[in-house]
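I opened this entry to keep track of what I looked up. The notes follow the order in which I checked things.

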Amino acid sequence: MSQVNPQIEPSWRDELNDEFNASYFTSLKEFLVEEKEKYKVYPPGSQIFNAFNFTPFNDVRVVILGQDPYHGPGQAHGLCFSVPNGITPPPSLVNIFKELNTDLGVPMPSHGNLEKWAKQGILLLNATLTVRANQAGSHQGKGWETFTDAVIKKLSDKKAGLIFILWGKYAQAKEKIIDTQKHYILKAAHPSPFSVFNGFFGCKHFSKTNELLKRHGFDEIDWKLENGLFGKQ
């Protein structure tokens with residue numbers, strides 16, 4: 001199993017040690033070993049836990065929940081909605097940038113790499129952390145959801161004043177494991193082209209997040225990503 005041993009930031013390893021030793025996680029590792037023997041799996045093994053590696057447990061201020069990693073070549077790198085430099089931003093990410101531009105006037109960037117957000121305390125967490133190439137949802141129901149639900153519950157139980165951003169019904173179903181007396185919930189439609197006009201555009205979640213952070217004396221998120229424009233409003 002050595003090739004799928006968790007490469008994860010130490011504070012998260014401490015928090016999630018019980019999960020890594022649970023029987024469901026052993027089954028998940030066995031599934032991934034078999035899957036990698038037969039298929040291409042995204043993201044690369046070293047990037048599966050990137051959301052945690054970029055945002056240590058004590059640094060988390062905001063949580064954005066996604067569903068699956070992107071399943072096209074080179075797209076997934078362990079941060080929900082994000083793609084590495086050099087990869088064209090998918091439609092949902094373009095719509096996120098459009099809303100950000102409308103909300104705060106942030107220019108449309110030339111890339112879709114959200115590592116800058118993660119380094120500022122935004123946990124960019126997918127519910128499922130791996131996927132078979134070109135097959136959306138192919139690793140759902142294998143154990144990842146149990147793991148990421150435990151992550152959400154750990155954050156909910158041990159922290160206060162987090163901002164959970166839930167886009168779409170799948171993410172919003174996670175609200176039941178969040179203590180809404182201690183944390184803030186921002187909900188809107190998913191930024192997918194199929195639902196973006198059902199309430200994602202105009203949700204102003206970026207300015208609302210900064211208002212909540214400022215209210216509690218925290219630094220606001222600098223949402224701007226450098227390197228000019230890939231599109232225009």
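How many of the 5 residues of strand β3 (residues 122-126) are buried? I found that 5 of the 5 are, so β3 is largely enclosed by the rest of the structure. I took buried as under 20% relative accessible area, exposed as over 50% and partly exposed as in between, with a 1.4 Å probe and protein chains only.

Before going further I noted that the model is predicted, that local features need pLDDT of at least 70 and side-chain atom pairs pLDDT 80 or more, and that totals for chains, interfaces and linings use all residues. Residues are numbered from 1 along each chain as its sequence is written, and side-chain values use heavy atoms, with hydrogens and water left out.

Element names follow DSSP runs, numbered from the N terminus: helices are H or I with at least four residues, and strands are E with at least two.

Entry on β3. I looked at which way its side chains point. In a regular strand the side chains alternate between the two faces of the sheet. Here I122, L124 and N126 point one way from β3, while L123 and L125 point the other way. I then looked for its partner and found strand β2 (residues 62-66), which runs parallel to β3 and is joined to it by 5 bridges. Strands count as paired if DSSP finds at least two bridges between them. V63 has L123 as its bridge partner in β3.

Entry on α1 and α6. Two packed helices are described by the angle between their axes and the distance between the axes. Helix α1 (residues 10-20) packs on helix α6 (residues 144-158) at about 130°, with the axes 11 Å apart. That makes α1 oblique to α6. Angles under 35 degrees count as roughly parallel, over 145 as roughly antiparallel, 65 to 115 as roughly perpendicular and the rest as oblique. I listed the contact (heavy atoms within 4.5 Å): α1 gives W12, E15, L16, E19 and F20, and α6 gives F147, A150, V151, K154, L155 and K158. By class I have 7 nonpolar, no polar and 4 charged residues there. Ala, Val, Leu, Ile, Met, Phe, Trp, Tyr, Cys and Pro count as nonpolar, Asp, Glu, Lys and Arg as charged, and the others, Gly among them, as polar.

Entry on α2 and α6. The axes of helix α2 (residues 23-38) and α6 come within 9 Å and cross at roughly 130°. I therefore put α2 and α6 down as oblique to each other. Y24, F25, L28 and L32 of α2 meet W144, T146 and F147 of α6.

Entry on α8. I noted its buried residues as H205, F206, S207, T209, N210, L212 and L213. They pack against β2, α4 (91-104), α5 (115-118), β5 (163-167) and β6. Just after α8, G217 takes a positive phi of about 80°.

Entry on backbone angles. The peptide bond from Y42 to P43 is cis, with omega near -10°. P43 lies in the loop between β1 (41-42) and α3 (50-54). N134 has a positive phi near 65° without being a glycine, and sits in the loop between β4 (131-132) and α6. Is N134 buried or exposed? I have N134 as exposed, at 59% relative accessibility. K204, also not a glycine, has a positive phi of about 55°. K204 is in the loop between β6 (184-188) and α8 (205-215) and is partly exposed at 38%.

Terms used: Axes fitted to C-alpha atoms, helices over the stretch in contact; angles between N-to-C directions.
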